[in-house]
Amino acid sequence: MRDTDSLKRNRPQLSLHVPEPAYRPGDTPDFSSIAVPAAGEVPRPDIGVAPADIAGLATSLVRVLDDRHQAVGPWDPKLDADTLRKILRDMVTVRIFDDRMYRAQRQGKTSFYMKATGEEAIACAAAAALDRDDMNFPTYRQQGLLIARGYPLTEMMCQIYSNKGDKLRGRQLPIMYSSPDHGFFTISGNLGTQFPQAVGWAMASAIKGDSRIAVGWIGDGATAEGDFHAAATFAAVYNAPAILCVVNNQWAISSFSGIAGAERATFAQRAIGYGIPGLRVDGNDALAVFAAIRWAADRARSNSGPTLIEFFTYRAEGHSTSDDPSGYRPTEEAKAWPFGDPVERLKAHLLALGEWDGERHEAMVKELDAEIRAAQKEAEKQGILPEQGKENVESIFDDVYAEVPWHLAEQRDELRQERQG
């Protein structure tokens, strides 16, 4: 025993590695360590390719727009000018909408809001690449999916205000929209659950012999939850017609992506272990986003199975209106991000094509600003959150059970009698 104890004492002490971001408040951010491959250098495989044959796409980066704002390489989707202008318009709409609703929250008109600043290209270009009937299972920064598909801005605002015009009747946290008619499934407040929901919907579509596919959306932080593993396993085993999108914006609230495993591998590399294709894409390049989503959609529709896509981007502002990012990262970090502003990049591409100009852009911004202000006025006519009272409070018992159980019916009747005096 003594010899054994002596050996143990001579062993090195065990220790844990706790991931830390490279920069904290007060530091000067420097992203020069991030490899920025030239646009157009990543190969585009056939949609029927074996996942093992494209493992390199999980560590490279699909990019289409080069430094001269030209679309280059095999992933260039060769979009017409009208489609490009539509995507740009949707992206600008999201940005202005976000700014208006952020101000509304700061003015006390609602309790909560989450902006998609810096990530607009991901949802808006994805919407353009998908069929209108495909179903998205979003997280809370894909409002661009609804905007791109023409969902009324006033109705989005009514949901944010939880007022009389809220079709969800105040059942959801502000910004957790739901519109299956627009291919936008109800947002799950419990993060991660939307991923297996998407795969289940895709499996059901295949079982019914349908032609619609599902798209699941998740953030980098939520990939550390068991729901991610369950979704990827079912998608791989049953060859589900699904696209699994990971929006890696570097931060999950106040913890950076290394906490979820980004120091060890890319999020796209996780696909390799499940035997499905993994693509890593420049999330600030609208054309690269469109091309990757279209490739994965075509693959799913041809019964070649699911694809995992990591959109490499940066959350330019706070996690939500409840978050102050200056407490955990440098204030200038967003400006140092090497992949630029997605809105400005697409605008520059259209300018380079001769299909856009500064005057038209300024006119569009003014038009959209007026449209969003008008929608806000209409929404606020139906009330803002602090004004909501107790009228029709008994409706809390509705939409829960197909048949209201006796004990809840009893409570509902008691409430009605109390309110009637």
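**Close-ups of a predicted model**

**View 1. The annotated E1 span.** An unreviewed UniProt entry annotates residues 90–385 as "domain: Dehydrogenase E1 component"; such annotations may be inferred rather than shown by experiment. This is a predicted model, where local features need pLDDT of at least 70, side-chain atom pairs count only at pLDDT 80 or more, and totals for chains, interfaces and linings use all residues. Residues are numbered from 1 along each chain as its sequence is written, and side-chain values use heavy atoms, with hydrogens and water left out. The span is 44% helix and 10% strand, and its end C-alpha atoms sit 27 Å apart. Helices (H or I, at least four residues) and strands (E, at least two) are DSSP runs, numbered from the N terminus.

**View 2. Strand β2 and its partners.** Five of the six residues in β2 (214–219) are buried, meaning under 20% relative accessible area with a 1.4 Å probe and protein chains only. β1 (residues 135–137) runs parallel to β2, joined by three bridges; pairing takes at least two DSSP bridges. Here Met 135 faces Ala 214. β2 also pairs with β3 (residues 242–248), again parallel, over six bridges, and Trp 217 stands opposite Cys 245. To get from β2 to β3, the chain goes through helix α7 (residues 226–237) in a right-handed β-α-β crossover: with the strands pointing away from the viewer, the path over the helix runs clockwise.

View 3. Phe 234, in helix α7, is partly exposed at 43% relative accessible area, a class that lies between 20% and 50%. Phe 234, Val 237 and Tyr 238 make a nonpolar surface patch of about 340 Å². Areas are Shrake-Rupley values with a 1.4 Å probe.

Terms used: Patch = residues over 30% accessible without salt bridge, like charges linked within 9 Å, V, L, I, M, F, W, Y side chains within 5 Å. Salt bridge = Lys/Arg side-chain N within 4 Å of Asp/Glu carboxyl O.
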